[in-house]
Amino acid sequence: MLRRMLADSVIRPAETTTPFGQTRTMTDPATTIPTFDLFAHDLGADPHPVLHRLRAEHPLVRVRELDGYLATRHADIVAALRDRRLTTANLTQGLDRLTPEQRAELAPVLRSVSLWMGHTNEADHVRFQQLLKRYFTPATVHGLRPRVRQLADELIDAVVDRGRMEVVEDLAYPLPANVIAEMLGMPTDERDRLRAWSRDILALFDRADFDQLKKSQHSVLEMEGYLRGLVAQRRAEPRDDLLSVFVAAEREGVVTEDEMVANCVLLLFAGHETTANLIARGVSLLLANPDQFALLKQRRELMGTAVEEMLRLGGPAATIVRVAVEPAEVAGHALNPGDVVYLAMAAGNRDPEVFADPDRFDITRRPNRHTAFGLGTFYCLGAALARMETDVCFSALLDRTPDLRPAYEQPDLVYRPPLNHQLATVDVTF
Ligand code: HEM
């Protein structure tokens with residue numbers, strides 16, 4: 001029945017007049033790309049039947065509401081991520097659809113976001129990568145492991161006697177938030193503010209309304225003001241933290257203060273929001289797959305491949321956005337400069353051409369060529385850190401609460417269009 005409904009409604013063929021606009025003829029006049037009305041579908045509970053069908057039948061569609069294309073095949077996503085003619089779109093879903101008056105009012109946050117690594121021009125991007133790679137080395141990440149375990153243990157200590165916890169609030173958020181705050185050198189008692197700031201920043205990536213965007217701007221500016229104070233302290237008294245690395249680079253003339261604080265906001269936000277979602281999704285995947293959970297308990301050496309499988313099926317970045325800076329192709333179709341394409345990793349990472357039995361959660365899967373951290377030029381700076389934090393977090397959970405059980409009937413999933421899903425709560429008992 002569902003298949004039938006999909007057949008009738010998912011794809012609007014080129015010749016169909018839709019209430020949402022015309023299909024667009026690409027540079028090759030013989031090729032038309034169908035329009036897909038993504039927002040007319042209930043992708044909240046389970047988007048995968050729709051994504052599987054799209055990938056199989058129309059791996060590139062135009063989505064009018066996104067003002068761009070959506071690619072769903074793994075090979076096309078990998079090729080696009082490696083293609084230098086496509087670059088990161090300096091887009092957040094909120095900020096790219098403003099009127100000129102609204103843009104004027106949000107000028108401060110627009111400027112900050114334009115300084116974020118990956119949102120700059122290529123030369124600035126390389127300069128930042130080189131600077132941050134001084135700190136995000138495998139040795140630094142490895143060295144943090146015992147401290148991350150200690151932080152995880154402290155969070156579990158706080159709930160262990162209760163026999164229950166809400167994973168998102170009690171563990172998944174505070175763990176990576178504390179880690180990145182500590183890396184940057186943010187004092188412990190000020191870290192609670194991070195969560196509220198980050199929630200507001202997240203709204204920039206949603207289809208948020210103008211009032212919410214003003215609130216987001218307020219949080220970004222508040223966070224920057226706070227960071228400027230910390231920067232001043234490090235200038236006077238450097239320490240062994242990331243902020244001091246930035247301050248040293250400022251002294252060498254490599255970064256400005258504005259760049260420094262804008263990118264600290266990015267790191268504080270990117271450094272925990274994504275990892276927190278991965279941990280929450282990982283718990284719910286294990287609980288939904290008791291055979292795999294039992295296997296992981298028996299064979300702890302599978303933790304590494306288990307984390308990769310969590311990234312593949314529950315990777316927090318469901319889409320990556322690219323814009324063509326010169327004529328290019330995606331999925332065999334020509335793109336013009338300025339064309340925007342959403343790479344649906346949520347679909348590519350379940351492509352049966354690459355992953356056998358793609359919807360199955362298999363903690364032994366190897367190889368596992370998912371693109372949850374992106375690929376190529378903009379590959380995630382924090383990938384090793386996120387992997388380590390997730391590994392340590394699940395090791396602590398297995399040691400301390402091995403009989404974890406769900407205390408919910410349905411996962412408490414929040415859908416954030418176009419394709420993101422996030423767990424609001426994960427109640428467990430043990
Ligand atoms: C599970 C956790 C994480 C996921 C799934 C994730 C995902 C991603 C993805 C997909 C990209 C590429 C974006 C693009 O190509 O346009 C990216 C880039 C980036 N990520 Fe992560 N990330 C995670 C954790 C982290 C952490 C912990 C940090 C920092 C401490 C971080 C910092 C960054 C930065 C700075 C970039 C931009 C890199 C560049 O432009 O060169 N991420 N991330």
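Trainee: How many residues sit between E5 and E6 in their hairpin?
Mentor: There are 4 residues between E5 and E6, and Asp 67 in the turn has a positive phi of about 55°. Strands here are DSSP runs of E with at least two residues, helices are runs of H or I with at least four, and both are numbered from the N terminus. This is a predicted model, where local features need pLDDT of at least 70, side-chain atom pairs count only at pLDDT 80 or more, and totals for chains, interfaces and linings use all residues. Residues are numbered from 1 along each chain as its sequence is written.

Trainee: And in which sense do E5 and E6 pair?
Mentor: Antiparallel, over 4 bridges, with E5 at residues 60-63 and E6 at residues 68-71. Two strands pair if DSSP finds at least two bridges between them. Leu 60 has Ala 71 as its bridge partner in E6.

Trainee: What about E6 and E12?
Mentor: Those two run parallel, joined by 3 bridges, and E12 covers residues 340-344. Ala 71 has Leu 343 as its bridge partner there.

Trainee: Which residues have the most contacts inside the largest nonpolar core?
Mentor: Ala 71 and Leu 343 are among them, along with Leu 184, Val 265 and Ala 344, in a core of 114 residues. H13 gives the largest share of this core, 16 residues. A core is a set of buried Ala, Val, Leu, Ile, Met, Phe, Trp, Tyr and Cys residues joined through C-beta atoms within 7 Å. Buried means 20 or more other C-beta atoms within 10 Å of a residue's own, with C-beta atoms placed from the backbone.

Trainee: What does Leu 184 touch?
Mentor: Leaving out residues up to four places away in sequence, Leu 184 touches Asp 241, Leu 242, Leu 243, Cys 264, Leu 267 and Leu 268. Touching means C-beta atoms, placed from the backbone, within 7 Å.

Trainee: How far can I trust the model?
Mentor: The chain averages a pLDDT of 89, and 92% of the residues score at least 70. Over residues 1-30 the pLDDT is below 50. That score is the predictor's confidence in each residue, from 0 to 100. Where pLDDT is low, the predicted coordinates should not be read in detail.

Key: Buried ≥ 20, exposed ≤ 12 C-beta atoms within 10 Å, placed from the backbone. Contact = placed C-beta atoms within 7 Å.
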